[in-house]
Amino acid sequence: MFVNDCLNVNEKGHLTIGGCDTVDLAKKYGTPLYVLDETTIRETCRSYVNSFKKFYDGNGMPLYASKALSCKEMCRIANEEGLGLDVVSGGEIYTAVQAGFPMEKVHFHGNNKTADEIRFALDSKVGKFVVDNLYELELINQIAEEKGVVANISFRIKPGVDAHTHNFIRTGQIDSKFGFALETGEAFEAVKKALTYNNVALKELHCHIGSQIFDIDPFVTAAEIMLDFMGKIKDELNVVITELNLGGGFGIMYTEEDEPVPYENYMEKVSEAVKAKAKEHNLPVPYIYIEPGRSIAGEAGITLYTVGGKKNIPDVRTYVSVDGGMTDNIRYALYQSAYTVVNASKADKEATEIVTVAGKCCESGDLVQEHTKVAEVEVGDTLAVLSTGAYNYSMASNYNRIPRPAMVMVNNGESRVIIKRESYEDIVRNDI
């Protein structure tokens with residue numbers, strides 16, 4: 001019935017998550033409210049760690065892609081479960097530092113790292129810079145020289161793989177703002193240039209072909225292309241790169257139509273390709289990184305809203321207005337992303353009413369879902385939108401000066417706040 005095993009229905013007919021009644025959570029903490037199930041998050045982390053033991057003999061590490069949901073508690077959980085961290089800004093680095101994350105296990109991404117961010121990353125002893133362009137390469141080398149250090153780097157490579165996903169989240173093809181292209185020779189020239197610098201050390205190659213991908217084949221093809229490139233570097237430059245980051249992008253279930261591939265299947269197929277290509281090019285099997293983010297946090301999270309109004313337009317649609325919207329979930333406005341909506345107050349009832357869930361912002365496009373089936377809605381009901389653990393809080397805004405919601409972690413019937421609800425004072429804190 002639901003996208004995740006942590007969801008259920010109790011004797012009151014209410015939706016539960018992690019053994020907690022969502023209607024009670026809404027009353028206790030207020031709405032809108034993000035809720036995460038800790039058990040689901042930790043089990044997914046462990047499945048990735050165990051898959052490295054099984055298919056790579058432990059010769060690799062998953063990096064939690066913190067852009068999916070960056071907060072201290074997620075950093076702490078990732079560290080406790082043996083994951084590294086993928087960050088993309090000074091703010092995400094600062095969050096990791098404040099959470100006590102081991103910075104040598106952090107990879108710093110981004111297509112336009114500022115000089116201040118690079119300095120902060122070096123001072124924080126970030127483990128690796130994933131270099132996006134030649135200007136950045138020169139800047140990192142220059143700042144590292146000023147500080148008298150050598151920065152470990154990776155190159156983000158565009159393998160030219162079409163991941164069959166939304167145009168906005170396809171990042172592996174040649175027409176992308178990210179990385180160095182293979183087809184043009186740009187990537188090979190970048191490698192040659194890096195080898196001439198004294199304050200960077202090229203340790204790794206990286207690729208990322210997109211997001212919310214349900215096919216294994218694009219990942220296998222990308223891995224083969226990257227190993228071929230590593231072979232070319234060895235044969236023509238006599239340099240062996242020993243680490244390979246294959247990125248993330250593994251799809252999750254937002255609705256019943258989604259059919260995600262079991263992550264272990266992906267790991268097995270890609271590991272076979274990596275080992276075969278390494279043997280073909282007489283290379284050691286590289287140390288492998290992957291960057292799951294959405295697949296760790298996404299299905300573990302839901303968002304709770306309170307229904308404040310209902311408006312029926314005959315022969316057109318029925319609007320159900322909630323106390324959140326595009327400020328806490330912008331993805332429908334951006335991508336028309338599909339979500340499953342449940343009337344948490346009547347989760348035991350059949351979904352028979354077709355409604356459009358509208359947010360409270362002064363924007364006609366502020367919709368959470370259109371023409372979605374739910375159990376008949378009344379004002380005061382608690383609605384739950386499923387699979388919102390990733391890219392909801394992290395993309396939230398204060399549009400219309402609406403405070404960001406609180407986030408609660410649940411675990412076996414217990415709940416705790418991990419991110420406080422913003423106050424009106426928080427909204428004006430930086431005003432002068």
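In what order do the strands of the open three-stranded sheet run, and is the pairing parallel or antiparallel? The order is 1-2-3, and the pairing is antiparallel. Strands pair here if DSSP finds at least two bridges between them.

This is a predicted model: local features need pLDDT of at least 70, side-chain atom pairs count only at pLDDT 80 or more, and totals for chains, interfaces and linings use all residues. Numbering starts from 1 along each chain as its sequence is written, and side-chain values use heavy atoms, without hydrogens and water.

Strand 2 (residues 15-17) joins strand 3 over two bridges, in the antiparallel sense. T16 faces D21 of strand 3. Strands (E, at least two residues) and helices (H or I, at least four) are DSSP runs, numbered from the N terminus.

**Helix 6**

Helix 6 covers residues 134-147, which makes 14 residues. The expected span is 1.5 Å times one less than the number of residues. That gives 20 Å, and the end C-alpha atoms are 20 Å apart, which agrees. Just after the helix, G148 has a positive phi of about 70 degrees.

Buried means under 20% relative accessible area, exposed over 50%, and partly exposed in between (1.4 Å probe, protein chains only). The buried residues of helix 6 are E136, L137, L139, I140, N141, I143 and A144. Their cover includes helix 5 (115-123), strand 8 (128-131), strand 9 (151-158), helix 7 (186-194) and strand 11 (200-206).

**Salt bridges**

A salt bridge puts a side-chain nitrogen of Lys or Arg within 4 Å of a carboxyl oxygen of Asp or Glu. The count is 27.

| Pair | N to O distance |
|---|---|
| K193 and E138 | 3.0 Å |
| D381 and K346 | 3.3 Å |
| K349 and D348 | 3.5 Å |

K193 sits in helix 7 and E138 in helix 6, so this pair ties together parts 55 residues apart in sequence. K193 is partly exposed at 31% relative accessibility, and E138 is partly exposed at 34%.

D381 and K346 form a salt bridge. D381 lies in the loop between strand 18 (367-374) and strand 19 (382-386), and K346 in the loop between strand 16 (341-343) and strand 17 (353-358), 35 residues apart. D381 is buried at 8%; K346 is buried at 17%.

D348 is partly exposed, at 46%. A network of salt bridges links E38, R42, R46, E73, R76, E80, E81 and R416.

Note on methods
Contact = heavy atoms within 4.5 Å.
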